[in-house]
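Let's take a walk through this structure together, strand by strand.

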Amino acid sequence: MSTADARIRRFSTITWLGGSAVAVVLAFVIFPFVGINPATGELLLHNPNDYEYRPWTDPDAQEVRVEGGEVIGTAASGYLNLSAGDDVWVVGPLRGGEERSVGVYHQRDTRSTEGDARPAYLGSISGRSSEVLVAGETDGRVWFAPRLNGWRADLTRETPISIEDGVATGEGSALLSYTGDALSARFTFEGEGFFIVDALFPGEVARLVRIVDSVDVRQSWPAKGRVIFRVEADEGSGPWKITLDEPATGRP
């Protein structure tokens with residue numbers, strides 16, 4: 001190789017390296033996140049986690065589709081409008097797609113995103129879990145966190161069982177409705193396995209009981225009008241009882 005050829009090759013190499021460095025810098029300026037979707041191998045120019053905890057700020061958010069008892073979302077942040085007074089809906093479990101879970105947020109009033117009207121985190125849906133959506137007195141919106149891929153989940157309208165005379169009993173899982181002055185209750189479970197009770201309101205959930213095996217406790221919830229109790233227990237695991245209007249002492 002002649003001296004001239006060597007100089008040309010050296011110049012070309014330096015030019016290529018310099019151009020590559022500039023291209024990398026420009027790429028990160030224009031596309032701050034560059035990654036690979038592990039499920040599809042596709043190039044990702046935007047981090048799907050950017051709006052994980054604030055999907056309502058995602059400019060690419062899309063309204064999810066509802067077809068045949070299913071809600072169908074894309075990889076982008078999604079939302080589902082919830083009409084005022086439209087009772088109670090259950091979303092989940094996941095039935096399709098490659099996602100393991102999808103975060104769910106509830107905006108009580110679509111007219112505002114300030115203060116208490118901002119979307120609140122309810123939980124996540126997965127292949128084995130669901131979330132309960134309680135409609136309010138104003139039109140609301142349910143937000144779903146962005147994922148790497150599209151997904152689909154069950155969507156069913158439910159009619160909770162009204163609690164009469166301040167006492168509810170049963171076995172297994174149930175949705176209960178109460179409207180009245182009681183702000184606390186005594187929860188008992190005579191069985192084995194998980195016993196979970198949540199108090200649900202429009203855009204809010206209060207975790208009341210998270211115990212394994214027999215339990216006898218008192219818990220309270222905020223005064224927000226009608227309350228929906230979600231009871232989760234395995235069928236045949238044992239009977240439970242909820243007695244309303246008990247003092248919330250924290251002890252049996």
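Two strands count as paired if DSSP finds at least two bridges between them. Keep in mind, too, that what you're looking at is a predicted model.

With that in hand, find S6 and strand S11 (residues 140–144): they pair in the antiparallel sense, over five bridges. To pick out one of those spots, go to leucine 80, whose bridge partner in S11 is valine 142. S6 has another pairing as well, this time with strand S3 (residues 62–63): the two run parallel and are joined by two bridges. Here glutamine 62 sits opposite glycine 78 of S6.

Now move on to another part of the chain. Four strands make an open sheet there, in the order S14-S21-S16-S19, with antiparallel pairing. Which strands stand at the edges? They are S14 (167–171) and S19 (215–220); each has a single partner strand, so one side of each is left without a neighbour in the sheet. On average, neighbouring strands of this sheet are turned by 15° against each other, if you ignore direction.

Let's zoom in on one pair from that sheet. Strand S16 (residues 184–189) and S19 run antiparallel, and six bridges join them.

Technical notes. Residues numbered from 1 in each chain as written. Predicted model: local features only at pLDDT ≥ 70, side-chain atom pairs only at ≥ 80, totals over all residues. Heavy atoms only, no water. Axes fitted to C-alpha atoms, helices over the stretch in contact; angles between N-to-C directions.
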